[in-house]
Amino acid sequence: MTEFVDGYAAIVLMGAAGLDFLVGDPWHWPHPVQAMGWVIQRYTNLAFKATQSARVLKGLGVLLSVLLVGGSAMVGWGLVAIARWFNPWLGLSLEIILVASCFAGRSLRDAAEDVLAPLLQNDLAEARQRMSRYVGRDTHDLERPEILRAVFETVAENSVDGIMGPLFYALVGVVTPLGSASLALAYKAASTLDSMVGYRAAPYTDIGWCSAKFEDALTWLPCRLAVLTLALISRKPRTVIGLCRRDAAADPSPNSGWSECAYAASLGVQVGGKNVYKGVVKVKPLMGDPIRAITPEVIRECLQLNRVCFLLWLSIWLSVSQFW
C-alpha cells in the first residue's frame, strides 16, 4: 500500500510538472484562479455595500481568508475523491491537472518572452504595451533598461509564490490525508487573495489585511528555502546570502524582497529603483550589486534558475520518499 501511495504521488507531481512545462495555462482554458477571483470579487462587493466600519471589514476579511483557502482545499480534495470513486485513472488525471494549474512556470516564461520579443526588435512601444499586461507600474515612458529591469523583477518576485510555493505545499500535501492538489490549491487561493485584496491602499486596507498577512506567513518558509537553494546552485552561497541579509530587509514585503534579491545576487545584477504607479513615484530599495547589466540573456538565466530550483526540489523529494 505504501509503495502504491508513493508511486501515485510521484506520478501526480511529475505529471503536473511536465504538464505545466509543456502546456502552462492557456488564456482561453478555465482555471481555478478564475473561480477564486469570482468569489473574491462578489464577496468584497457585498462587504463594501454592507458596511464601512474598519473593524467589521477586518472581521469580514478574516472570514474571507478562511472560507476561500479552506474551501479551495476541500473542493480540491472532494473533486479528486469523487473522480477516484468513478475511476482511479480519472482521479489521477484530475489531480495532475489541478496541481499543474497551481504552477506558473510556463506562464511566467511566456510572459517574459512576450515582452522580450518586440524589445529584441527595438520596438519599444510594443514592448511597453505588452509589459503593461503583467505589472502594476506605469510603462508608457519606460526605456529599454527599465523594461528589462521590470521583466527581471517580475520573474524574480513571482518565482516563489507562483512556482516554488505551490510546489512546497504540493510536496507537504503528499504526507497529509488531503493530498497534493488540496494543499496546492489552498496556497493558490491565499496567493490570489493577496494579489486581489491584499493592498495597503483603499478600499482594501481593512478587508485585505488578513489576506496579506496570511499569504506572507504561508510564503515565509518556501521563500527562505528557495533563497538557500539559489545560493547553493549559484555556487557562491556566501555572496548570495550576504547580499540578501544586507538588502532584502529594506523591502516592505517580508518575502518578495528576499526572492528578488536572491535572484539578483545569484546573477550579479541590481534591482530596485524608481517606479511610477498611476503617476505616483515610488522608490524601491536597491538590492544586489550591479556587476552585470540586466539583458535578455540574464532574464533567460533567471528563468533557467527557476527550472533548476524546481527540478532540484522535486528530485530531492523523489529520492527521500524512497525511504518512507
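Tutor: Here are some labels, with the values behind them.

Tutor: This is a predicted model, where local features need pLDDT of at least 70, side-chain atom pairs count only at pLDDT 80 or more, and totals for chains, interfaces and linings use all residues. Residues are numbered from 1 along each chain as its sequence is written, and side-chain values use heavy atoms, with hydrogens and water left out.

Student: Why is Gly61 called buried?

Tutor: Buried means under 20% relative accessible area, exposed over 50%, and partly exposed in between, with a 1.4 Å probe and protein chains only. Gly61 has 0% relative accessibility, so Gly61 counts as buried. Gly61 sits in helix 3, residues 54–86. Helices are DSSP runs of H or I with at least four residues, strands are runs of E with at least two, and both are numbered from the N terminus.

Student: What is Gly61 in contact with, leaving aside its neighbours within four places in sequence?

Tutor: Gly61 touches Ile207 and Cys210. Contact means heavy atoms within 4.5 Å.

Student: Is Ser65 buried or exposed?

Tutor: Ser65 is at 3% relative accessibility, so Ser65 counts as buried. Ser65 is also in helix 3. Beyond neighbours within four places in sequence, Ser65 is in contact with Gly70, Leu193, Cys210 and Ser211.

Student: What makes the buried residues of helix 6 line one face?

Tutor: Helix 6 spans residues 124–131, and its buried residues are Ala127, Arg128 and Met131. Seen down the helix axis, they fall within an arc of 100 degrees, so they line one face of helix 6. The arc is taken from the directions from the helix axis to the C-beta atoms. Their cover includes helix 5 (105–120) and helix 7 (144–174).

Student: Why is the pair Arg84 and Glu95 called a salt bridge?

Tutor: A salt bridge is a side-chain nitrogen of Lys or Arg within 4 Å of a carboxyl oxygen of Asp or Glu. The closest N and O atoms of Arg84 and Glu95 are 3.3 Å apart, so the pair is a salt bridge. The pair links distant parts of the chain, with Arg84 in helix 3 and Glu95 in helix 4 (residues 88–102), eleven residues apart. Arg84 has a relative accessible area of 40%, so Arg84 is partly exposed. Glu95 has 4%, so Glu95 is buried.

Student: Which residues form salt bridges with Arg149?

Tutor: Glu146 is one of them, with the closest N and O atoms 2.6 Å apart. Glu153 is another, at 2.8 Å. Arg149 and Glu153 are four residues apart in helix 7, so about one helical turn separates them. Arg149 and Glu146 lie three residues apart in helix 7, also about one turn. An α-helix has 3.6 residues a turn, so residues three or four places apart point the same way.

Student: How many salt bridges are there in the whole structure?

Tutor: A search finds 14.

Student: Where is Lys278?

Tutor: Lys278 is in the loop between strand 1 (271–277) and strand 2 (280–287). Its phi is positive too, about 50 degrees. Lys278 is at 79% relative accessibility, so Lys278 counts as exposed.
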